[in-house]
Amino acid sequence: MGKRQRIIAAAASSSPINSLDDGCLMHIFSFLSPIPDRYNTALVCHRWRYLACHPRHWLRVECSAKSLAEPGVYSTLETAIAAARPGDTILISAAGDYIAHNLQIKKPLCLIGGGELPDDTILTCLRGYESALEFFSTCKVANLTVRAELGCCLLHRSGRLTVEGCILQCEENPLDYLSFPIVSTAPECNGFTSLALKGKCHGSVGADCVTVSNTRIEGGAKAVSTNGNLVLQHVRAIYARTSIFFWFEVGET
């Protein structure tokens, strides 16, 4: 533990808030945003880590055998998604490279990488699969690297998908025309009809749409293939073969 963390832990142990019982503290932590507030809270001390990372707040995906003995911890993203309830947050540890093959998400979930940077947590989709993650509900993906050897990183079928602070990579290969970082096949959308700089989709609240912000897109025949609404904000598209970099913002058209 670093000097700064030791100071924080000592202050927390002597603070009146630490005299509260576990139930009260857990209720307070539930009002914090998962990243960075609740994540930082978990670094204070062992007790706060247990309460801040309690399954009531989020589920965790970790490779560590020791961590797997704790409640709410899973070895694969697939098992965590199956166990999650609608509205849950799944924190994916930065400890390793995870395999993601055609994982269908049919309930509202938030997937967050547990590292300081998105490339600390990598989801890899190997050849022979259509996508890494397939979304049928309103979901958010944040602070993750999703890598597809062939196919697409994120396949959006329906709902509102938010991609924030991620890296989406399609590896170079002779079949680049089959690779797309993001594909949306939402049936209710018609073309790029709603592009907004502020990251908000127009129309009804339940409309199918994709929002991408502060994300780097690498490789693939095209950055995005969509039938419907798409919002891009602070998005960087990189095509390695031509060594051309594009940094762009899209306003409403």
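Let's start with one residue. C110 has a relative accessibility of 15%, so it counts as buried, because the cut-off for buried is under 20%. Keep in mind that this is a predicted model.

Where does C110 sit? It is in strand β6, which covers residues 110–113. Now look at what surrounds it. Skip the neighbours within four places in sequence, and C110 is in contact with D88, T89, I90 and K140. G87 belongs in this picture too. It is 23 residues from C110 along the chain, yet the two C-alpha atoms are separated by 7.3 Å.

Step back to the whole chain. It has 253 residues, and 47% of them count as buried. There are 5 helices and 18 strands.

Next, the inside. In soluble globular proteins, nonpolar side chains tend to be buried together. Here, the largest nonpolar core has 35 residues. Which residues have the most contacts inside it? They are L77, I90, L123 and L133. Let's take L133. Leaving aside neighbours within four places in sequence, L133 is in contact with L77, L103, L111, L123, C153, L154 and L155. There is also a second, separate core, with 14 residues.

Now the largest pocket. It holds about 190 Å³ of space. What lines it? By class, 7 nonpolar, 2 polar and 3 charged residues. Among the lining residues are Y39, W58, R60, E62 and G114. Find those on the structure and you have the pocket.

Last topic: backbone angles. Most residues other than glycine have a negative phi. N143 has a positive phi, near 60 degrees. N143 lies in the loop between β9 (139–142) and β10 (145–148). N214 also has a positive phi, of about 50 degrees. But N214 is in a strand, β15, residues 209–218.

N214 is at 47% relative accessibility, so it counts as partly exposed.

That's the tour. Go back to C110 in strand β6, and trace its contacts to D88, T89, I90 and K140 yourself.

How values were computed. Residues numbered from 1 in each chain as written. Predicted model: local features only at pLDDT ≥ 70, side-chain atom pairs only at ≥ 80, totals over all residues. Heavy atoms only, no water. Helix = DSSP H or I, 4+ residues; strand = E, 2+ residues; numbered from the N terminus. Buried < 20%, exposed > 50% of the residue type's maximum accessible area, 1.4 Å probe, protein only. Core = buried A, V, L, I, M, F, W, Y, C linked by side-chain atoms within 4.5 Å. Contact = heavy atoms within 4.5 Å. 1 Å grid on protein atoms, 1.4 Å probe; cavity = no way out; pocket = protein on both sides within 12 Å on 5 of 7 lines; lining within 4 Å. Points joined across faces, edges and corners; volume = space filled by probe spheres on them. Nonpolar A, V, L, I, M, F, W, Y, C, P; charged D, E, K, R; others polar.
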